[in-house]
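Subject: Structure handover

Hello,

Here is the structure I promised you. Please open it alongside this note and follow along.

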Amino acid sequence: MELRKSYFADQRKDDLHEIGQPRPRSDSPGHVTGKTAYFADRNFPGMLHLKMVRSPHHHARIRSIDTSEAEKHPGVVKVLTAKDVPHNVYTILILIQIGPEDETVLADGKVRWKGEAVVAVLAETERAAQEAAARVKVDYEVLPAVFDMDEALKPGAPIVNEYHGRNYYLYDSGECRKVRFGDVEAGFTGADHVLEQTYQSSPIEHAPTETTGCIVAPEGNGRFTCYTNTQAMFFTLDNASIILQMPGNKLHFVGGTVGGGFGGKVDVIVEPIAILGAKTTGRPVCFIYSREEEMQISSPRAAEKVVIKDGVMNDGRIVARKVTGYTDAGAYSRHSPYGAQKGAGHYPGPYTIPNVWIDTYCVYTNRTPSSAMRGFGVTIGDFALEVQMDKLARLIGMDPLEFRFINAYRDGDIKAHRQPTEGAALIECMQEASRAANWPVAEKFMAMSSYAKGV
Amino acid sequence: MAKVPVQFTLNGAEKAEFIDSGTTLLHALRDKIGDTSPKGGCHQGTCGACSVIIDGELRLSCLTLAETCNGATIATTTGLAEGGVLHPLQCAFLDAFATQCGFCTPGMIMAAKVLLDQTPNPSREDVVEALSGNICRCTGYEPIIQAVLSAARSNSQNAA
């Protein structure tokens, strides 16, 4: 691969001498010798295993829970239910003032998705915990469930999450995140063509090779050491502190070594209940997802629906873009209100369009709660935007790459959210892509620059 | 529960343990003996992270009962470096940037070792086939394939 140092040479202070030079990864020697310590590569004497009793229903009221047989099962040391959790209702992003608290550590009175944690069983062996979990009796009254965002937003739809009271997240801007720039309706009126298309995606599971989990060891000084593969150490520390009503100085988190995460390990799910198990038994506790739990229980990338309406001129200029985005949070917020908000900021894509209207909704359904995954909030949107760009180019009979040059944002352009563009390099990237893919464009586009207007 | 004695050679050392009948080799190695280089990614024989070498053959330790390994000779990635000197495969994985999160790496190296032991000059297709039972969810397959091919080249140069 060739490194072109000529681009933006006058804007740089260094000579990029580190770029393109191989440097050994500091963690590789541990990986190739098998010495890297993942959280599960620890074994403590007397360690208990935690298994969850999970909801078999998508939406149900819990009439009663009977743990008596499970408690009598050989090897069982402790059975935990909602009443044992000091602060059972939480939400991860409360730390950055994104509330309300809307999710239970252990279900209390209701389950809102199939697989939701109801009862935690701690036993001497994994097998005993599994067997005892199967002996917990939960009496459910099944409720109507909603799995589709359009259905969830209809009047009279079953309310998924009473902490919200409605099937969408209420932003300070109202029922959705909004971006308003120019006059989008006037833009459509003056356009040569208008194209409206709908794009949809399904949830995507990260499927890391190492499943989510942690091991908690009670220390002699009253503290708890939590060995975890979380990707979010401080979110986890702070939320565990809130859920357990325990000062942060009682909690020592050890991590940073993650056997694949891709965003799937940023929720705070296994640590608080494992710490509670260690606290109530005085013994080390291991809580690690089975492969089935990793695939079915851990939060996926959200399903999304994106409706894009564009007004385009025959000369290639996009003059108006209206985007309505829907993010399926599943039953609980986790990171999805933030993901939907990111989408609002990200549209209309890396293009300068004079008239823009964006609405992005975070919608609740009785599906597995979704959360972070590589560029969540923008990745599905980019797929939709770029497919739309190809369709627009075809509509006006223009080369799709040249069409993008015409609309590419450049330094100084005001984006729809009113931040000026800085450090754009889209044009230069497309020039290189044109060469690399042997997809020639007109010379005037190869002469364009992200920061010199004039073409 | 009645315990069962097992005895085998692990990376050149004699090991003897009493285990519960039905214990997998993966559990015995990790929890009893303390060799945590084989990883448990699926416990159902699909990810390859637990791969070890038993009597020269590549095996999934999560699907192998420890009690069937009596008298066997077992090798794991832990025993690959000799006297602190890395095995050519380990060097090749380092040089080719063939690790990302590292969780699949010990299993990948075991699979690659069996290939090179049996086929010293493998084709690219041979390497792909040999690694086909090992999942890398960081999707770093290309550098891994290159590392194995590079290790094979350095082996044959040393032999020449």
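Ala207(A) sits in the loop between β10 (193-201) and β11 (213-218) of chain A. Look at its backbone. Ala207(A) is not a glycine, yet its phi is positive, at about 50°. Keep in mind throughout that this is a predicted model.

Two cis peptide bonds come next. One joins Gly99(A) and Pro100(A), with omega at about 0°. Pro100(A) belongs to the loop between β4 (89-90) and β5 (103-104) of chain A. Another cis bond links Tyr347(A) to Pro348(A), and here omega is about 10°. You will find Pro348(A) in the loop that runs between α9 (336-346) and β17 (356-364) of chain A.

Now the pockets.

The largest pocket holds about 1,600 Å³ of space. Its lining counts 49 residues. Nearest the centre are His49(A), Glu126(A) and Arg127(A), along with His27(B) and Asp31(B). Which elements give two or more residues to this lining? From chain A they are β1 (48-54), α3 (126-133), β14 (285-288) and α8 (291-296). From chain B there is α1 (25-33). By class, the lining of the largest pocket has 18 polar, 17 charged and 14 nonpolar residues.

The second largest pocket has a volume of about 610 Å³. It has 25 lining residues. Arg54(A), Gly115(A), Glu292(A), Gln296(A) and Ile297(A) lie nearest the centre of this pocket. β1, α3 and α8 of chain A each give two or more residues to its lining. Which element gives the most? That is α8(A), with 4 residues. The lining of the second largest pocket splits into 9 nonpolar, 9 polar and 7 charged residues. Two domains of chain A take part in it: domain 1 (48-143 + 207-296) and domain 2 (177-204 + 300-446) each supply at least three residues.

Rolling a probe the size of a water molecule over the atoms shows where empty space is left.

How many cavities of 30 Å³ or more does a search of the whole structure find? The count is 6. The largest cavity has about 310 Å³ of space. It is lined by 28 residues, and Val268(A), Ile269(A), Val270(A), Tyr289(A) and Arg334(A) are the closest to its centre. Elements giving two or more residues to that lining are β1, β5 and α7 of chain A. The lining of the largest cavity divides into 14 nonpolar, 7 polar and 7 charged residues.

The second largest cavity has a volume of about 60 Å³. Its lining has 13 residues. Closest to the centre are Ala98(B), Thr99(B), Gln100(B), Cys136(B) and Ile144(B). By class, 8 lining residues of the second largest cavity are nonpolar, 5 are polar and none are charged.

Last, two helix pairs. Two packed helices are described by the angle between their axes and the distance between the axes.

In chain A, take helix α6 (residues 233-244) and helix α7 (residues 271-281). They pack at an angle of about 50°, and their axes are 9 Å apart. α6(A) and α7(A) are therefore oblique to each other. Their crossing is right-handed.

In chain B, look at helix α2 (residues 88-95) and helix α3 (residues 105-118). Their axes come within 10 Å and cross at roughly 125°. Parallel, perpendicular or oblique? That angle makes α2(B) oblique to α3(B). α2(B) passes α3(B) in a right-handed crossing.

Go to Ala207(A) for the positive phi. Visit Pro100(A) and Pro348(A) for the cis bonds. Then turn to His49(A) and Asp31(B), which are among the residues nearest the centre of the largest pocket.

Best wishes

Note on methods. Residues numbered from 1 in each chain as written. Chains lettered and ligands numbered in written order. Predicted model: local features only at pLDDT ≥ 70, side-chain atom pairs only at ≥ 80, totals over all residues. Heavy atoms only, no water. 1 Å grid on protein atoms, 1.4 Å probe; cavity = no way out; pocket = protein on both sides within 12 Å on 5 of 7 lines; lining within 4 Å. Points joined across faces, edges and corners; volume = space filled by probe spheres on them. Nonpolar A, V, L, I, M, F, W, Y, C, P; charged D, E, K, R; others polar. Domains from an automatic or database assignment. Axes fitted to C-alpha atoms, helices over the stretch in contact; angles between N-to-C directions. Parallel < 35°, antiparallel > 145°, perpendicular 65-115°, else oblique. Left-handed = near helix turned anticlockwise from the far one by under 90°.
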